[in-house]
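Hi,

Here is the structure I promised to pass on. Please have a look at it first, and then read my notes below.

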Amino acid sequence: MSTNDILNQIKEEEIEYVDLRFTDPRGKLQHVTVVGSQVDEDFLEEGMMFDGSSIAGWKSIEASDMKLMPDSASSYIDPFYSERTLCIHCSVVEPDTGEAYERDPRGTAEKAESYLQNCGVGDVAFFGPEAEFFVFDDVRFSNEMQKVSFEVDAVDSPWNSDRVYENGNSGFRPGVKGGYFPVNPIDSSQDLRSEMLTTMQSIGMKVDKHHHEVAASQHELGLIFSSLKDQGDQLQKYKYVVQNVAHFYGRTATFMPKPIAGDNGTGMHVNMSIWKDEAPLFAGNRYADLSDEGLWFIGGILKHAKALNAFTNPATNSYKRLIPGFEAPVLRAYSARNRSGCVRIPWTENPKAKRVEARFPDPLANPYLAFSALLMAGLDGILSRTNPGEAMDKNLYDLPPEELEGIPTVCASLREALEALEEDMDFLLAGDVFTKDQIEGYAELKWEEVFTFEHTPHPVEYMMYYSA
């Protein structure tokens, strides 16, 4: 939509409010709401000032003035507000120069798309994330000096198989690792997921499916691929809709990678492809019908995987999912169809659908930063012609220890990921897509999380050590 389209919509549809939305460094969607009658051509083209010092990881108080620049093409009507509200995603710029603020994640995505074109590799990069999530009925947690605890509950979880309910216990619920994917009444969240998908379609999102995932209370909705920055917007809307529809059902949704022990964690497989001159760059006649560029792209992902972890797996909780020896994509290997490595080439008969799937990311990632970092790693692989080595078509989960020793892994902790990022960030700095200041500011936020986690006693430590 153009600026005129937005103004006509505000007038013709009697829009009461315009909600300007932007994303902070950690990936949380933020917003400020403006009365619709105050939005005119100058407002949309010149932007709106706000206090950047209130956003963690951005400017200090003495240089806090920043400007939100609305992207008219991203607009949609909010499906949850009682007053008719038009939402517009924004990038952040410096108010005095109008240049992109270097720590703005959405601005990084814009620069990554420009770099792809400027370096001559391709015209557009497409991303298709598969973000899983859990839905619970009750969540309680405490982090006090004398008490650290959490407790979650969901009627459809296996631990409630013998609970006494007023109207009886039906006994229909998935067991541990049994959620993929029996029909109802075992799958009791069909209507919930359908409403999430219907809501997404109502705001113009392109979706194709939904289903229960492997763990009890775990789900996934299907987003159709889009270009990098636009898919960042779509994933932010995806999370927003999932959490708000669950809230309206009296339930609660989380994108934590490992909210409960003993069942599958939550990932976000990311499908990627590059097109040039209206043709798929990754389609060819090499392994799994990939081109040289497709294999080099994989080589870049594998080479920089540990540094990528800082963006694709950005939480201390992320590494409770990425544990060797379980069904987690921790091995830096690739294969066609085989799902046990951290990179897979999905099978397809159509060259236009030829793509590469990174299986290690999780949905706590800031989508703009994670997608941009993945693209930069892959582009570094293409420009450097990085050989990914031989494909691993064996089931990597069943390899004997002597074979596993020769296969490198992704990081085992956020601490390790941040240390890897510090040592391997040059590929991100190419074309000034990321800046050193931005990476250091992001890392500072993440080190705070590491220190909080490492300095807090864990309840399981009382079980293991209190009476020792």
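**What I found**

A288 sits in the loop between β15 (279-280) and α6 (292-303). Its phi is near 55°, a positive value in a residue other than glycine. With a relative accessible area of 25%, A288 is partly exposed. Please keep in mind that this is a predicted model.

E14 is another residue with a positive phi, about 50°, although it is not a glycine. You will find E14 in the loop between α1 (3-12) and β1 (17-23). At 60% relative accessibility, E14 counts as exposed.

**The loop between β9 and α4**

A cis peptide bond joins Y180 and F181, with omega about -20°, and F181 belongs to the loop between β9 and α4. The peptide bond from N184 to P185 is cis too, with omega near 10°; P185 also has its place in the loop between β9 and α4.

R173 lies in the loop between β9 (148-153) and α4 (190-202) as well. What does a buried arginine do without a salt bridge? For R173, the nearest side chain of opposite charge is D156, 6.8 Å away, and a salt bridge would need a nitrogen and a carboxyl oxygen within 4 Å. Polar atoms of the R173 side chain do lie by backbone oxygens: that of S157 is 3.3 Å from one, and that of N160 is 3.4 Å from one. Not counting residues up to four places away in sequence, R173 touches V155, D156, S157, P158, N160, S161, Y165 and I186.

D156 has a salt bridge with R251, at 3.8 Å from N to O. D156 is in the loop between β9 and α4, while R251 is in the loop between α5 (228-248) and β13 (252-254), so the pair ties together parts that are 95 residues apart in sequence. Both D156 and R251 are buried.

**Other salt bridges**

How many salt bridges does the structure hold? There are 27. One of them is between the side chains of R106 and D71 (2.8 Å, N to O). Because R106 lies in helix α3 (residues 105-118) and D71 in the loop between β4 (65-70) and β5 (76-77), this pair links parts that are 35 residues apart in sequence. R106 and D71 are both buried.

D437 and R103 form another salt bridge, their closest N and O atoms being 3.0 Å apart. Here D437 comes from helix α12 and R103 from the loop between β6 (85-93) and α3, so the pair ties together parts that are 334 residues apart in sequence. D437 is partly exposed, with a relative accessible area of 33%, whereas R103 is buried, at 16%.

There is also a network: salt bridges that share partners join D71, R106, E110, K229 and D233.

**H210 and its partners**

H210 is in strand β10 (residues 207-212). Its side chain makes polar contacts with the side chain of R193 at 2.9 Å and with the side chain of S194 at 3.0 Å. Leaving out residues up to four places away in sequence, H210 touches Q190, R193, S194, L197, E220 and L221.

Leaving aside neighbours within four places in sequence, L375 is in contact with A112, L116, A125, F127, L228, I274 and F297.

Finally, which residues of helix α10 (residues 414-423) are buried? They are L414, A417, L418, A420 and L421. These residues are on the same side of α10 because they cover an arc of only 160° around the axis. An α-helix has 3.6 residues a turn, so residues three or four places apart point the same way. On the other side of α10, E422 and E423 are exposed. The cover over the buried residues of α10 includes α7 (305-312), α11 (426-429) and α12 (436-454).

Best wishes

Terms used. Residues are numbered from 1 along each chain as its sequence is written. This is a predicted model: local features need pLDDT of at least 70, side-chain atom pairs count only at pLDDT 80 or more; totals for chains, interfaces and linings use all residues. Side-chain values use heavy atoms; hydrogens and water are left out. Helices (H or I, at least four residues) and strands (E, at least two) are DSSP runs, numbered from the N terminus. Buried means under 20% relative accessible area, exposed over 50%, partly exposed in between (1.4 Å probe, protein chains only). Lys and Arg count as positive and Asp and Glu as negative; His and the chain ends are not counted. A polar contact is a pair of N or O atoms within 3.5 Å; within protein, one must be able to donate a hydrogen and the other to accept it, and residues adjacent in sequence count only if both atoms are side-chain atoms. Contact means heavy atoms within 4.5 Å. The arc is that of the directions from the helix axis to the C-beta atoms.
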